[in-house]
Amino acid sequence: MAKSAAKPSARERLLGAADELFYREGVRTVGIDRIIEQAGVAKASLYNTFGSKEELIRAYLEGRHASVATRIMKHIERYDTPRERILGVFEAQGQNFGDSRYRGCAFIAASAEARPGDLVEQAADAFRGWLRALFTELAEQAGVPEPATLARRLHLLYDGAGVSAKMDRDPDAAVASRSTAEILLDAALTSADAED
């Protein structure tokens with residue numbers, strides 16, 4: 001007799017419902033009653049598991065952070081050089097742009113609804129800090145003389161590509177951002193060579 005798969009926990013069901021509804025409709029727009037209904041759990045399960053809607057939103061964003069970071073790292077691991085890995089970040093980002101369910105960056109959307117210093121802003125800041133640190137580390141490994149400056153520029157480009165893919169419904173934004181990142185990176189490396 002085949003063993004049936006274990007039923008997801010209340011926490012997993014709540015996070016699954018939150019991930020779908022918050023991403024599609026917004027973290028403040030979606031009420032807890034809709035999340036509870038979609039998850040098929042009692043209201044007490046939400047409060048026993050997360051304590052508040054704010055904590056559920058934070059957990060949703062932390063889950064997004066983990067999945068995006070995993071996807072990017074898995075994608076760039078196929079490359080041998082820091083230069084290729086930097087460009088690979090933009091390729092990884094673009095993997096979602098052609099998906100009809102793509103609604104833009106979950107962190108930007110949630111931040112638009114956040115209050116200064118709240119858990120939502122803290123979770124978004126954590127993701128942005130991770131991404132900036134990744135760009136900085138890769139720029140250092142590539143030998144860029146001012147890695148933090150290049151990282152900031154690449155981060156702005158990353159943000160712009162996501163906004164363009166959503167607002168302009170442009171799945172090719174990743175191609176444009178990758179080629180622009182290549183120009184920025186080559187210019188930074190050329191200036192490093194000129195200083196030698």
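Colleague: In which hand does α7 pass α8, left or right?
Modeller: In this predicted model, the crossing of α7 with α8 is right-handed.

Colleague: Which residues of α7 and α8 meet?
Modeller: From α7 there are F127, R128, L131, R132, F135, T136, A139 and E140. Their partners in α8 are P147, A148, L150, A151, R152, L154, H155, Y158 and D159. This contact divides into 10 nonpolar, 2 polar and 5 charged residues.

Colleague: Why is α1 called oblique to α2?
Modeller: Helix α1 (residues 10–25) packs with helix α2 (residues 32–39) at about 130°, and their axes are 8 Å apart. That angle makes α1 oblique to α2. The crossing of α1 and α2 is right-handed.

Colleague: What makes the contact between α1 and α2?
Modeller: R13, L14, A17, A18, E20, L21, F22, R24 and E25 belong to α1, while R34, I35, Q38 and A39 belong to α2. They divide into 7 nonpolar, 1 polar and 5 charged.

Colleague: Which elements have the lowest and the highest mean pLDDT?
Modeller: Helix α9 (residues 173–195) has the lowest, at 88, and helix α5 (residues 82–94) the highest, at 97. The protein averages 93, and 95% of its residues score at least 70.

Methods. Residues numbered from 1 in each chain as written. Predicted model: local features only at pLDDT ≥ 70, side-chain atom pairs only at ≥ 80, totals over all residues. Heavy atoms only, no water. pLDDT = per-residue confidence, 0-100. Helix = DSSP H or I, 4+ residues; strand = E, 2+ residues; numbered from the N terminus. Axes fitted to C-alpha atoms, helices over the stretch in contact; angles between N-to-C directions. Parallel < 35°, antiparallel > 145°, perpendicular 65-115°, else oblique. Left-handed = near helix turned anticlockwise from the far one by under 90°. Contact = heavy atoms within 4.5 Å. Nonpolar A, V, L, I, M, F, W, Y, C, P; charged D, E, K, R; others polar.
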